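Hi everyone, thanks for coming along.

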Amino acid sequence: MSISIISLIWLTLWINMAQLQQGGPDEKEKTTALKDLLSRIDLDELMKKDEPPLEFPDTLEGFEYAFNEKGQLRHIATGEPFIFNAREDLHRWNQKRYEALGEEGYGVIVLNPNENYIEVEKTKSQVHLSSDGSDEPAEKRERKDKTFKEAKKRRDFYEKYRNPQKEKEMVPLYIRDNGSPEEHLIYVWDHFITHSAAENTFFVAHSYGGLAFVELMIQREADVKNKVTAVALTDSVHNVWHQEAGKTIREWMRENCCNWVSSSEPLDTSVESMLPDCPRVSAGTERHELTSWKSLPSIFKFFTEASEAKNSSLKAALTRRSHRIKHEEI
């Protein structure tokens, strides 16, 4: 039975109930009977009728989809974007198909802590709300204040034209445990990423996001090394010296990170660096805000090679372990 037929059944019953509710006691008894009938209708069972079996492929290619060089999910044969309604009037089947495909694809978390607070009007009796916590290091407070001041300057510029009469003084009220980009990333790491079942976790960190990632490594070094396969930085403003990243972190970054920086050189051209952390290559553009987009094909290639290298290392380790066990048995 299709969704349209189910909708028709509901519409008919709703009209009948509306008509009966306008009548006397007899009609009310009939209304009660109709409500009892509706309560015993199993919509899930109705939706299952005549739908195909919920059996789906085990791989992304089995669905006839793949990611192109721009990281877009496209049908292998037609090149068209993903279509949710693959079968008409079978919403439940389409939803299950979508969920199955998602399990074989990629999960993406986008972190953007630039708007991590709301502004509230400051009154005369109100105690000044500040991001300065007595238990925070001075350097962290300075970075947080700088981020807020820059964002406030941009908002004030546009607000001047939208509401030139605005004269009320506003103060920021930060999201708990997310008062800075660094706090935000650590919060998402602790509450979401560490609990995921993903075999490979990749980071694309743009600009200040690179600094936040280095801070994450300083705070959660062992966990990051165990969970993250590769990191693509795009015009990152991190500094391993100022952030006091240890030797083991710098060594890991040299092996597992790459920074695509703004440059007039062609894409992937090596660029010299004064920092002893990770390789720097050209993003193929001098515009800071375009570095992620312009380097995307190279980033996906970098991630693919890192994933393949990881799988090869795991296979080699399993082979060595198997040989060792067999030798011990002999």
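Let me start with a question: which side chain meets Arg-287 in a salt bridge? The partner is Glu-289, with 2.9 Å from N to O. By salt bridge I mean a side-chain nitrogen of Lys or Arg within 4 Å of a carboxyl oxygen of Asp or Glu.

Before going on, a word about what you are looking at. This is a predicted model, so local features need pLDDT of at least 70 and side-chain atom pairs count only at pLDDT 80 or more, while totals for chains, interfaces and linings use all residues. Residues are numbered from 1 along each chain as its sequence is written, and side-chain values use heavy atoms, with hydrogens and water left out.

Back to our pair. Arg-287 is partly exposed, at a relative accessible area of 47%, and Glu-289 is partly exposed as well, at 49%. Here buried means under 20% relative accessible area, exposed means over 50%, and partly exposed is in between, with a 1.4 Å probe and protein chains only.

How many salt bridges does the rule give in total? The count comes to three.

Another of them joins Arg-220 to Asp-190, whose closest N and O atoms are 2.8 Å apart. Arg-220 sits in the loop between α7 and α8 (221–227), and Asp-190 sits in helix α6, so this pair ties together parts that are 30 residues apart in sequence. A note on those labels: helices (H or I, at least four residues) and strands (E, at least two) are DSSP runs, numbered from the N terminus. Arg-220 is partly exposed at 23%, and Asp-190 is partly exposed at 26%.

Then there is Lys-225 with Glu-221, where the closest N and O atoms are 2.7 Å apart. Both residues lie in helix α8, four residues apart, about one turn of the helix. Lys-225 counts as partly exposed at 30% relative accessibility, and Glu-221 is partly exposed at 23%.

Now let's look at how some helices pack. Two packed helices are described by the angle between their axes and the distance between the axes. Helix α6 (residues 181–191) packs with α7 at about 55 degrees, and their axes are 9 Å apart. That makes α6 oblique to α7. The axes are lines fitted to C-alpha atoms, for helices over the stretch in contact, and angles run from 0 to 180 degrees between N-to-C directions. Angles under 35 degrees count as roughly parallel, over 145 as roughly antiparallel, 65 to 115 as roughly perpendicular, and the rest as oblique.

Helix α7 (residues 208–219) also meets helix α9 (residues 247–256): their axes come within 10 Å and cross at roughly 130 degrees. That makes α7 oblique to α9.

Is α6 mostly covered or mostly open, and how many of its residues are buried? It is mostly covered, with eight of its eleven residues buried. Among them are Leu-185, Ile-186, Val-188 and Trp-189.

Out on the surface, Ile-109, Leu-111 and Phe-192 form a nonpolar patch with about 280 Å² of accessible area together. Patches are made of residues with over 30% relative accessible area and no salt bridge, where like charges are joined within 9 Å and nonpolar side chains (Val, Leu, Ile, Met, Phe, Trp, Tyr) within 5 Å. The areas come from the Shrake-Rupley method with a 1.4 Å probe, and for residues only the protein chains shown count as cover. Ile-109 belongs to the loop between α4 (91–104) and β3 (117–121), and it is exposed at 52%.

Most residues other than glycine have a negative phi, and most peptide bonds are trans. Asp-177, in the loop between β4 (170–174) and α6, has a positive phi near 65 degrees. Glu-244, in the loop between β6 (228–234) and α9, has a positive phi near 55 degrees, and Glu-244 is exposed at 67%.

Finally, which residue lies 7.6 Å from Ser-264, C-alpha to C-alpha? That is Ser-282, 18 residues apart from Ser-264 in sequence.
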